[in-house]
Amino acid sequence: MREAITVRDLSYTYSDGTRALEDVNMAVYEGERVAIVGPNGAGKTTFLLHLNGILHSTEGQVEVFGTSLDKVKREEIIKDVGIVFQDPDDQLFMPTLFDDLAFGPMNLGLKEEEVRERVKNALSTLRLSGYENRCPHHLSYGEKKKASLAAVMSMEPRILVLDEPTANLDPRSRAELVGIIKELNEREGITIVIATHDVNAVPALANRVYVLNKKIIAEGTSQKIFS
């Protein structure tokens, strides 16, 4: 199988001297669903932010489909790798949901007809058709979670990176979102990388699990890891 994401010897230290990652090595194959689990402060979010170039480290390398992120422009990275933040309010900032979903494609320079088609498809995929003119900040928390994912899906990424996607969701919203994530992987072939504390959801969300605590300390199927 082709490697979608390749991470080699990645280390990262914040400006205050805090060591967040140490010699992280990881391979995520095209079409996989991979979960990253670990305690608070383990470096999960820091790691995810390296996967689409929000953070850059001088120690180690991240490649997407064989190309180092150091060698491509940011606008090229976000065509391949979409990241959904833990807090949907970090992602939703426009007056209407349509505007939020159209923002990314418009900034790629796509024609209006293509932008509208992408927005329509993303809304349909996330079960949000008819919400185009709704104000994102008036949505329920579960709807905001889906809306922030829809905003990334309008970019049509090949790799989807999600930070704590099920956090703070009620059981119904949680089950719906887990189902949508699996559908994006199984029907559309999108490679999925998830950081989560929700160990109960991991068997449904992921084919393979990495345990991260600054370093990778274990890797395997969910059954192997949790036993």
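This is a predicted model: local features need pLDDT of at least 70, side-chain atom pairs count only at pLDDT 80 or more; totals for chains, interfaces and linings use all residues.
Me: In what order do the 6 strands of the open sheet stand?

Reply: Residues are numbered from 1 along each chain as its sequence is written, and side-chain values use heavy atoms, with hydrogens and water left out. Strands (DSSP runs of E, at least two residues) and helices (H or I, at least four) are numbered from the N terminus, and two strands pair if DSSP finds at least two bridges between them. The pairing in this open sheet is mixed, and its order is 6-7-8-3-9-10.

Me: Which residue of strand 7 is the bridge partner of Val81?

Reply: Strand 6 pairs with strand 7 (residues 159–163) in the parallel sense, over 4 bridges. In strand 7, the partner of Val81 is Ile159.

Me: What angle does the direction of helix 5 make with that of strand 6?

Reply: Helix 5 (residues 141–153) packs on the sheet and touches both strand 6 and strand 7, contact being heavy atoms within 4.5 Å. Its direction and that of strand 6 make an angle of about 165 degrees.

Me: Which helix gives the most to the lining of the largest pocket?

Reply: A pocket is an open set of points on a 1 Å grid over the protein atoms alone, where a 1.4 Å probe fits, with protein on both sides within 12 Å along at least five of seven lines; lining residues have an atom within 4 Å of a point. The largest has a volume of about 440 Å³, and among its 20 lining residues Gln91, Phe103, Gly104, Val152 and Met155 are the closest to its centre. Helix 2 (74–80), strand 6, helix 3 (97–107) and helix 5 each supply at least two lining residues. With 4 residues, the most comes from helix 3.

Me: Which element gives the most to the lining of the second largest pocket?

Reply: This pocket holds about 160 Å³ of space, and of its 17 lining residues Gly41, Ala42, Gly43, Lys44 and Thr46 lie nearest the centre. Strand 2 (19–29) and helix 1 (44–50) are the elements that give two or more residues. The most, 3 residues, comes from helix 1.

Terms used. Axes are lines fitted to C-alpha atoms, for helices over the stretch in contact, and angles run from 0 to 180 degrees between N-to-C directions. Grid points are joined across faces, edges and corners, and a volume is the space filled by probe spheres set on the points.
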